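Have the model open beside you as you read.

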Amino acid sequence: MDKHSLLFLFLSLVFSYLASAAAAGTPDGSEQWGYVEVRPKAHLFWWLYKSPYRVEDSSKPWPIILWLQGGPGGSGVGLGNFLEIGPLDINLNPRNSTWLHKADLLFVDSPVATGFSYVENRNESLLVRTDDESATDLTTLLKELFNGDGKLQKSPLFIFAESYGGKFAVTLGISALKAIEAGELKLQLGGVALGDSWISPEDFVFSWGPLLKDLSRMNTNGLNMSNSLALKIQQQIAEGDYEDATSTWSELENVVLEYSNDVDFYNFMLDSENDPVEGSSTEGSKGRFGNRYSKYLISKYYSTSSATPGGSNDLYDFMNGPIKQKLNIIPENITWGGQGDLVFSAMIGDFMKPRIQEVDDLLAKGTKVFIYNGQVDLICSTKGAESWMGRLKKFPE
């Protein structure tokens, strides 16, 4: 064998090893997971579940749902998967209400530094600063997953999101459509679904005081103070002072907590101390919300009322124990949630920026946009949703 053949063989083996190290799955192929290096030294982690309930119907192709968590910095692989819509709960028991009954599920820890995703050496220059930058990374991941897989290309992709994930969803929708139109992405975009989405921060902050007053959770003094800060945020957003608006948003959070007996922002029928997720923290809630929304996503808040198989009630231990062991491709020095504190700080200048125009742009391109809201997540309350939904041009048929 000549030296050129040996070099070719060596490189083939190296690339084969790298490919196997970047992706893995179950022996039956029902689950696949892996990393995509979306930029040098910036790695997004993904996990795909193929539904056992798949129905082959050429007139109605089986869909794939891409789930994007909120935050920014919430882990879809952890929270969305094991606490909300995945096939198993945190006790590894089957979930009867899993969305696998209707679609394949794709979870991505996005932006980089979220969940199992990471930037090498905690290099903060590699973090995304805007929703658009996050969308570019996610589009790169979709190209890697779909362009070489003819089976995936036959399934329409629906981007589902909750809370801040809604901003990621609409910017990703626009980015993906541009890549599809340019022939760079082989994918069918079925639609975008926005759950309690932080699309218009201005509308939402104006809804908090009135909503809690109507629920008898806030008195008139609290309402007046909340409305005053909301007006300040409105002016800051109008002037493009988004970082200042985020700072005032933090002040407003503290006022809401003080005048509502610590309402739980993730289920406004409860006080924070009663929340099985957030209430486990021993840190006082007053004055903590300069980072409260991001701290909610850090490991010490990731707990549930049920015990994990290891005897802990902590999702952080669960993800970094049996789940990391199962996946078997997570770098040894990377822990789930270990870089999560970087994400919110990096995006502080984009946090209060509205994404209503992107929704209109999707509709103008004929993309279906679905809206769903409930009583949970005061951050993006139903009243606020009604306000900005009324401003949309129209929904496609």
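## Two cis prolines

P111 sits in the loop that links β5 (104–109) to β6 (118–119). The peptide bond between S110 and P111 is cis, with omega at about 5 degrees. A cis bond also joins G71 to P72, where omega is about 0 degrees; P72 belongs to the loop between β4 (64–68) and α2 (76–85). Helices (H or I, at least four residues) and strands (E, at least two) are DSSP runs, numbered from the N terminus.

This is a predicted model, in which local features need pLDDT of at least 70, side-chain atom pairs count only at pLDDT 80 or more, and totals for chains, interfaces and linings use all residues. Residues are numbered from 1 along each chain as its sequence is written, and side-chain values use heavy atoms, with hydrogens and water left out.

## Positive phi angles

Most residues other than glycine have a negative phi, and most peptide bonds are trans. Back in the loop between β5 and β6 we find A113, which is not a glycine and yet has a positive phi of about 90 degrees. Is A113 buried or exposed? A113 is buried, with a relative accessible area of 0%. Buried means under 20% relative accessible area, exposed over 50%, and partly exposed in between (1.4 Å probe, protein chains only).

S216, also not a glycine, has a positive phi of about 60 degrees. Look for S216 in the loop between α6 (201–214) and α7 (220–238). S216 is exposed, with a relative accessible area of 67%.

## Helix α2 and its neighbours

Helix α2 is mostly covered, with 8 of its 10 residues buried. These are G76, V77, G78, L79, G80, N81, F82 and I85. They pack against β3 (42–49), β4, β5 and α10.

Two packed helices are described by the angle between their axes and the distance between the axes. For α2 and α10 (residues 315–327), the angle is about 100 degrees and the axes are 11 Å apart. That makes α2 roughly perpendicular to α10. Angles under 35 degrees count as roughly parallel, over 145 as roughly antiparallel, 65 to 115 as roughly perpendicular and the rest as oblique. Axes are lines fitted to C-alpha atoms, for helices over the stretch in contact, and angles run from 0 to 180 degrees between N-to-C directions.

On the α2 side, V77, G78, L79, F82 and L83 make the contact (heavy atoms within 4.5 Å), and they meet L315, F318, M319 and I323 of α10. By class, the contact of α2 with α10 has 8 nonpolar residues, 1 polar and no charged. Here Ala, Val, Leu, Ile, Met, Phe, Trp, Tyr, Cys and Pro count as nonpolar, Asp, Glu, Lys and Arg as charged, and the others, Gly among them, as polar.

## Helices α3 and α5

Helix α3 (residues 131–146) packs on helix α5 (residues 165–181) at about 55 degrees, with the axes 8 Å apart. The two are therefore oblique to each other. Their contact has 7 nonpolar, 5 polar and 4 charged residues.

## Strand β7

Strand β7 (residues 157–162) is mostly covered, with 5 of its 6 residues buried. β7 pairs with β4 in the parallel sense over 5 bridges, and I65 stands opposite F158 of β7. β7 also pairs with β8 (residues 189–195) in the parallel sense, over 6 bridges; there F160 has A193 of β8 as its bridge partner. Two strands pair if DSSP finds at least two bridges between them.
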